[in-house]
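Notebook open, structure loaded. I'll jot things down as I look them up.

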Amino acid sequence: EMGRKVHGYCHGVDERRVEKKPRKTISASCTYGIRFNGPYGPDYLISGLVDELLRRCVDLGIVEAEIASMHLKQRRDVTDKDKGGSYYKSGGSGDKNRGKHGVGHGICNDFDKSAKLVPTGLVGASSRLKERFERLFKQMKEEHRIVDEDVRGVGISLSKLKFAGEAQTPSALSAFLVSREERERRSKAAA
């Protein structure tokens, strides 16, 4: 039996049922052409990413998330040893980190940071989420000594999602309080 399964897998035959699993995270990111040396700063990018993320949440029926995460790409100074082949030649642009075309992110250091969200729902949460992600961005910049000009990519995500119509599982405290109220009600009814 196992031999037949392995033989089938090797020949592209897999008869297991495909089951749709619920989405666990949702994200939005921008890692191309990021330069904060003009009139638009990080707050403008974060605002656009949050708007896109919330639009995706609405489209998928997501009403709540417990964790907010941010991913940040920082330009890394490239030495000749790092450059390797011709892909990293700057073509006379003067910026030794720039790739052939000049607006990609090149070689980067990646940083991630997460924070818990207050579970009040995502409906009308645009300004709250923007503030939270801006705070995460500032914390990451301070922790890793990143300047705006070195940022080459920003991504935001939400996880531990709850969907519209999904049964809410009570917390241990609310289950305890409900059971206590139920016990009190039963004792009064018995008396």
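Predicted model: local features only at pLDDT ≥ 70, side-chain atom pairs only at ≥ 80, totals over all residues.

Started with burial: 31% of the 191 residues in the protein chain are buried. My cut-offs are under 20% relative accessible area for buried, over 50% for exposed and partly exposed in between, with a 1.4 Å probe and protein chains only.

Residues are numbered from 1 along each chain as its sequence is written, and side-chain values use heavy atoms, with hydrogens and water left out.

Then the layout. I see five helices and four strands in the protein chain, running α-β-α-β-α-β-α-β-α along the sequence. These are DSSP runs numbered from the N terminus: helices are H or I with at least four residues, strands are E with at least two.

How do the strands pair? I count two strands as paired if DSSP finds at least two bridges between them. Strand 1 (residues 25–30) runs antiparallel to strand 4 over six bridges, and there Ala28 has Ile156 as its bridge partner. Strand 2 (residues 62–75) is also antiparallel to strand 4, over 11 bridges; Ile67 bridges to Ser159 in strand 4.

Why do I call strand 4 largely enclosed by the rest of the structure? Because 12 of its 13 residues (residues 151–163) are buried.

Of the contacts in the protein chain between residues at least 6 apart in sequence, 81% join residues at least 24 apart; contact means heavy atoms within 4.5 Å.

On to cysteines. I wanted sulfur pairs within 2.5 Å, the disulfide rule, and the count is zero. Cys10 is exposed because its relative accessibility is 63%, whereas Cys57 is buried at 1%.

Last, aromatics. I searched the whole structure and got one pair: Tyr40 with Tyr44, tilted, 4.5 Å centre to centre and 35° between the planes. The rule takes rings of Phe, Tyr and Trp (its six-membered ring) with centres within 6.5 Å; planes under 30 degrees apart are stacked, over 60 edge-to-face, the rest tilted. Tyr44 has 54% relative accessibility, so I logged it as exposed.
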